[in-house]
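Have a look at the sequence and the fold before reading on.

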Amino acid sequence: MEVARWRRTAAGLLAVAFAAACGTPSKVPEDPKPRTQLPERVTLRPAKAETFTYRLSLQAGDLVRVVAQQEGADAELLLIGPGDDLVQHVDRPNKDRGEELLLAVAREGGEHQLRVPVNPIVAGGHATVRLDRLQPANDDERRLAALYAKFLVAKQETSVDRLELLAHRFEQAAQPLLQAEALLQAGMLLAGNDDRKAEELIGRSEELFRQQGARSWEGVARRHRTAALINQNRAAEALTQAEELLAFAEELGWPWLRRYAFRHLGQAYYQRGQNQKALHSFESTLQEGSALCDAPGPDALYHLGLLQARVFHRGSRALGHFEKVLHCFGIAGSLSKQSKAIGQMGRVHLDAGRLAKAEEFFLRAETVDPDLKECARAKLLARRAEVACLREDSPRGLALAADSERLLIDGACRPGDEGDAPFQLAKVWSWAGDLDRARQAYRSVLDQSSIYPNPIREAWARVGLARLDEGQGRKTEALALAREAVEDLLAVRLEVENDTNRIAFFASAQDAFSLYIQLLTEDGRAERALEVAEAARARSFHDRAAEVGVDLSGDASDPLATALAKIRHRILEVETIAAESTKTPPPRRRIDQLFEELAVAEGRLRAARSRSAQALAPTTLKLPAIQAQLDEGTLLLVYRLGEERSYLWEVDRTSLHLHKLEPRARIDRRAGAALDSLARTESDGADVDLCPVSDLVLAPVAARLRAGADRQLVIVGDGALQRVPFAALPVAEAGRDCAPASPRLVELLPLSTVPSISSLAQLRRAYADREPAARPLIAFGDPVYTGSDPRCTSSTDGSANDPPRLTASGVEVRAVCSETGGRCFTGFEASRERVLSAGLEGYSALLFSVHGEIDEAQPLLSSLLFGAGDPGCQDPPRPLYAYEIAGLRLNAQLTVLSACESGLGTEVRGEGLINGLVQSFLTAGSARVLATLWRVGDEDAAKLVTAFFAAIEAGAAPPEALRQAQLEQYRLGMAARGWAPFVLFGEWRPWPAAR
């Protein structure tokens, strides 16, 4: 009989077991399997779940003692009487290790059955069944069998008092193992209600098991005592216990106990606010080989969902975890845990602004569990109160908040278990104008954190208090609170290894940075505000920049490097199948899952490298260090867009000025409209009026820009400004409105773009000691993309989706190679294989004049598209992905991506524009990257890039060379649509001469 059937049968037999143990026979289903006489010893090794049935001929009053020794297989023992009455059913909590004990006295003579369901948990798992005793029972044996029967009943009836009494009776009967088991069962029943007493009882049982050398039972007791400590929020003690439990499980070789140890480690780390370690532990719980819905998998999944939702703010991923949890808890029939998962799904919808959906889930969570605990009810009421206020239903919101607050005050939640309820209540009281009540709610979070540390909760409580202080004119107090919040969030970020999680977490932290920057500027501390703005920008790129020149591939003996290489290979396989298959391509979620694995593997590899601590350290460049990165005559413009107001810092070697700008929404709206117009304009058509953008972002510094004293402009953009072609913006005269006829910025001085000055400083440190490459340039252009290309030996008809030939790019790369003495690959030689085998690390400059594809959902899947490498043109176009580029080791001073939209990416708050291609080349070792902001014509790109390299060869620094090339096309009548999308990212200083 399969396990699923036996589980159903066992559930149906619970009541039967109670009655049988009390002396009232009950019927059980007839067993169809043939029966053999039970031998004295038999080892059962089923390949899958199976039930074995044996005959036992007993006389009334016979003592039966059967022991099943479990070794990687979960066994049960059922004794069935002559009338198919269940005499005894035993399934102890030691899972697939240790003994199951059947101990009973036959009430009547006749043929009995012993049924033994065995479920192998690990390969080779088995159970050895021993008939230890079959003889007439004496008085002591009858008393012991009666006590054991009462114990089984008390355990099933969840009677703690009776179990404690039976433990005392077992002690009097000199049965220490049964005494320990009774104490363990009593403690397990108390878990979640009286955890302190549960811990005491389980601790006593653990000591008894240890004294008797019962290692398997000791492991079970250790697990439950660790859980009792976690339930009491005694995280430090629980962490120690969980670490010891993991070592114990590894010593015994128990996968199931390892899973519980990892789960408890994750819970302890989570309670201590060590979120990265918690994440690792919960992931390890799921990687131990058990089925997803087997305990403790669903609990680990639930906590992973909490981490993704509450810490890393990755709502869609959190919802995926909670949906799986809901499925598992539905199978298990746990209504309380279903309610928790549903409530967390509602919280994700609330964070995303889906108010109707959030309310639906919160109400469902309240109704799904008829025995909903008061603490869970208080949390749901607080969430519903926030929804009501967001819907501008203040009376209802206030009523729900009052009910939630009353439950919390009455002690519905244990200390530290209130979750986000205080935050939601504080928001409601703030909306209602009850600021003292709001302050009290935030303070309660800090009070609890002094006992149960949680740096993220503490940080956001301080942000809430700072906003209250700001509104009430207590600027000094608000500044202090905002500073502490930012420091807490930077410290949390430091421990996050996964790039994807780190980026999402840091994006969620930007509101705290914005508040701190706002308070600093209002306090007249422009210098400190700039330093904080720098600390809040492009941290993921900053991290990667510190790894330039460090070989992260490792060798075959490095398991972390090997795992990373395997994941990269799997991504390439899936993408190749998607590109070449005529059938339905692999689902996007498969790609997303692989990139999640890639982020985890890369994070762990970086964490193992010596420079990782330096990379991740939350360093903030002070103003003198920022100015030290600037040359004489270099002007730095740093933008930060905010919801209420935006800021522009004007910095040079000796001075700093702060300018206040319009809110983000207005700047984004105007910039977006201008970019849409540019995208629709032909390069030989009329120019777009960019004055509306210039008035918002350049007006405060227009006079300086036109004065001509500066020789170089460097821009750190933000929001939509990262897509704005600053070179094309008109610059108005002082005191006059901007006009289309005003000189363009490109006419005034050269410019370049950097993600942040901190990341540039990292790149400069990485490049400082390297020798210049020996060869000048390598270029790839005009690939053969399709069989319709006349260069193919077997020409075929193309399709509308085929990438068009870039005829002018061949002219471009040949001209550049002629100018520089570089190597030029076109046609069939412009292939992916040639790129990867050409020894790119030996060249000072790289030129790729090919098609580019930007993937905004997964920036590291952005690619450069190369053509068929064989004259028969049987191969489809082959992409070189950004994640592959990031793994190269370059020594280039310059990379030119003469491809459409190669400078675009995904906008993430705090990180700026996450560009797969540009950032991958920079972190692979290219000091500068020239890329494009929109689609550019083949001929326009060829003209500009050729002129750019001619200026480089004439001795111009790259920013000046770009300026000269753009000016040349501008003066020849090309509209901004054709010349303005080219932007230089990274280093602006002159190209270093060979040593």
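Predicted model: local features only at pLDDT ≥ 70, side-chain atom pairs only at ≥ 80, totals over all residues.

Residues are numbered from 1 along each chain as its sequence is written, and side-chain values use heavy atoms, with hydrogens and water left out.

Let's start with the sulfurs. Taking a disulfide as a pair of cysteine sulfur atoms within 2.5 Å, the count comes to 3.

| Pair | S to S | S-S torsion |
|---|---|---|
| Cys293 and Cys328 | 2.0 Å | about -75 degrees |
| Cys375 and Cys413 | 2.0 Å | about 100 degrees |
| Cys691 and Cys738 | 2.2 Å | about -70 degrees |

Helices (H or I, at least four residues) and strands (E, at least two) are DSSP runs, numbered from the N terminus. Cys293 sits in the loop between helix H9 and helix H10 while Cys328 belongs to helix H11, so this pair ties together parts 35 residues apart in sequence. Its torsion makes the disulfide left-handed. For burial, buried means under 20% relative accessible area, exposed over 50%, and partly exposed in between (1.4 Å probe, protein chains only). Cys293 is partly exposed at 28%, whereas Cys328 is buried at 3%.

The bond between Cys375 and Cys413 is right-handed. Cys375 is in helix H14 and Cys413 in the loop between helix H15 and helix H16, so parts 38 residues apart get tied together. Both Cys375 and Cys413 are buried.

The Cys691 and Cys738 disulfide is left-handed. Cys691 is in helix H29 and Cys738 in the loop between strand S14 and helix H31, 47 residues apart. Cys691 is buried at 4%, and Cys738 is buried at 13%.

Then there's Cys817, which is in no disulfide; the nearest cysteine sulfur, that of Cys824, is 4.0 Å away. Cys817 is buried at 7%, while Cys824 is partly exposed at 27%.

Now the strands, which pair if DSSP finds at least two bridges between them. Strand S18 (residues 843–849) has 7 of its 7 residues buried. S18 runs parallel to strand S16, with 6 bridges, and parallel to strand S22, with 4 bridges. Arg775 stands opposite Tyr843 in S18, and Phe848 stands opposite Leu897 in S22.

Elsewhere, 3 strands form an open antiparallel sheet in the order S19-S20-S21. S19 and S21 are at the edges with a single partner strand each, so one side of each lacks a neighbour in the sheet.
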